[in-house]
Amino acid sequence: MSSQTKTGKVYLIGAGPGDPGLVTVRARELIETADVLVYDYLANPKLLDWARPEAERIYVGKRSGLHSIPQDEIEEILVERANKGQQVVRLKGGDPFVFGRGGEEIAELEADKIPYEIVPGVTAALAAAAYAGIPLSHRSYSSSITFLTGHENPEKQSISIDFKQHGKTNGTLCLYMGLGQLPRILSELKAGGMAGEMPVGAIQWATLNHQRSVYGSVDSIVSDIEAAGISTPAMIIIGDVVSKRSKTEWFEGRPLMGKKIVVTRARDQAGQLTALLESKGAEVIELPFIEVQPDINPQLITEILAGIAIYEWIIFTSVNGVKAFFDIFYKAFDDIRCLGPMRIAAVGAATAREIGSHHLKVDLIPEKANGDALVDTFIQDEGIESIQMLVVTGNQNRESLVQRLETEGGAIVDTLPLYKTSKTDLSEHPAAERFRKEGADAVLFTSSSTVKSFVDQAAALTLEPDAKKPAFGSIGPVTTNSLKEHGLCVGFESKHASLDYFVNATTKHLNS
Ligand code: SAH
């Protein structure tokens, strides 16, 4: 017997239908604190972004064309990790107890006396109905809802469901895993008395921005599904309520639905642009041209922190610099007053916002967000001769800033480099691979530097012959010029250089 000190536990968690916004608060808490996460094909991998970086992630779903890891091996992983004292999160698409083999997993945990907790999730039938606008029950048309499985796996033909029996229903049928056996199931429903005109809907990838749906009748739906190219995973909803669905298409009708848009993750605001595009329905491919890594010289940090109070100014040149600086500062000091009475300068608004998140006021921001403008403002407005300054920065574009502060301003400058940015190798990156294969409707450029990076990485971004050719969008005249200088054709330009206007221009261009 091992001498166990910590008790492990397994959390069987419903990962919902796909949209990460649809998991419970409890699910999120447990994902954030897990030691191990075991997830499968239908659990959105984006949920793993909430986990601690050091948490182990184990994929147990199907791998392109191959079968999933057998159920007993999955159960073995859960038991083994819990016995080691770990907090194990088992993420299952939808709800763990709706066609999710949750029952088998807890039986195994009980047999091994492993403590567990079950967190329900939004099951696919409810999600597909809501996102397609189909009321599953309706006072005039349906007062029962039945969840059925059709099994897509042809090896498992021994379904015990009597579909004929369900042909008599006046309620709504929700068919999980139904595509493979659909013709047989529908003919049994008809044999049981269901009308051929009964409305049917098939909704694929419900709640995700690549959701697609098709509607028809018991008689037409098989060919409708084929014509629309709908495949698994899809939810099939059968019943009069299908014809009562909302006409506004609140989800699939959003203006960028079905559009694939590339954004570059070179700038701090990329997350904001992605969120704006996604909220209008776009599928966003983020290309990370640049990677930011910590680059720390412990001796220099110790020296600078020991004398931090001598500086009259501290200058931050990027959001990354602010983040890295305060990470280190809070490890060394537990009182913000240890910063001393210094004044603070930021190169631009995003950097100033990050500083503001520490409840610190920024004393100087140049009108234009660049290093030269910063020096000009210092020299014109402040006078920095013989003043001690600290520049917190990365490995790029710092020489000229520091040199100008010293030679033109006469300041005494110390530099604290905390991170380095380097070019991402896109030839191996999954996002770039997807772009090469599928192409996109648009590529959005938010600055000249994103244009340069794109051209720089041209070899890794060359489209395959069948890929969709994107339109190039520019945030404003400066970026447009850069595109032209590099011989790239500009599809559209935003009226104002703001993300909102840029997203509107993109929407307009892609819907014209
Ligand atoms: N436990 C899951 C169901 C697993 S069975 C749940 O509660 O939802 C897998 C089947 O669920 C798929 O074949 C499909 O019929 C359905 N399904 C799961 N996610 C779906 C989605 N996002 N859109 C449509 N159907 C989905």
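How many Å separate the centres of domain 1 and domain 4, taken over C-alpha atoms? The centres lie 44 Å apart. Keep in mind as you go that this is a predicted model.

**Stop 1: the domains**

Start by colouring the chain by its domain assignment, which gives domain 1 as 9-122 and domain 2 as 125-244. Domain 3 is assigned in two pieces, 260-289 and 424-510, and domain 4 covers 293-422.

**Stop 2: an aromatic pair**

Next, select phenylalanine 147 and tyrosine 176 and show their rings. These two form an edge-to-face pair, with 5.7 Å from centre to centre and 65 degrees between the planes. Phenylalanine 147 sits in strand β6 (residues 145-149) and tyrosine 176 in strand β7 (residues 172-176), so the pair ties together parts that are 29 residues apart in sequence.

**Stop 3: two backbone details**

Now switch to a backbone view. Most residues other than glycine have a negative phi, and most peptide bonds are trans. Select threonine 207, in the loop between β8 (199-204) and β9 (212-217). Threonine 207 is not a glycine, yet its phi is positive, about 80 degrees.

Then move along to threonine 232 and proline 233, which are joined by a cis peptide bond with omega about 0 degrees. You will find proline 233 in the loop between α7 (221-228) and β10 (234-238).

**Stop 4: helices α10 and α11**

Select residues 319-332 for α10 and 349-356 for α11. Their axes are 8 Å apart and the packing angle is about 20 degrees. That angle is under 35 degrees, so α10 counts as roughly parallel to α11. The crossing is right-handed. To see who makes the contact, show Val319, Val322 and Lys323 on α10, together with Ala350, Thr351, Glu354 and Ile355 on α11. By class, these are four nonpolar, one polar and two charged residues.

**Stop 5: helices α12 and α13**

For the last stop, select α12 (residues 371-382) and α13 (residues 399-407). Here the axes come within 9 Å and cross at roughly 15 degrees, which means α12 is roughly parallel to α13. This crossing, too, is right-handed. On the α12 side, show Gly371, Asp372, Leu374, Val375, Asp376 and Phe378; on the α13 side, show Ser400, Leu401, Arg404 and Leu405.

Terms used
Residues are numbered from 1 along each chain as its sequence is written. This is a predicted model: local features need pLDDT of at least 70, side-chain atom pairs count only at pLDDT 80 or more; totals for chains, interfaces and linings use all residues. Side-chain values use heavy atoms; hydrogens and water are left out. Axes are lines fitted to C-alpha atoms, for helices over the stretch in contact, and angles run from 0 to 180 degrees between N-to-C directions. Helices (H or I, at least four residues) and strands (E, at least two) are DSSP runs, numbered from the N terminus. Angles under 35 degrees count as roughly parallel, over 145 as roughly antiparallel, 65 to 115 as roughly perpendicular and the rest as oblique. A crossing is left-handed if the near helix is turned anticlockwise from the far one by less than a right angle, and right-handed if clockwise. Contact means heavy atoms within 4.5 Å. Ala, Val, Leu, Ile, Met, Phe, Trp, Tyr, Cys and Pro count as nonpolar, Asp, Glu, Lys and Arg as charged, and the others, Gly among them, as polar. Domain bounds come from an automatic or database domain assignment. Rings of Phe, Tyr and Trp (its six-membered ring) pair if their centres lie within 6.5 Å; planes under 30 degrees apart count as stacked, over 60 as edge-to-face and the rest as tilted.
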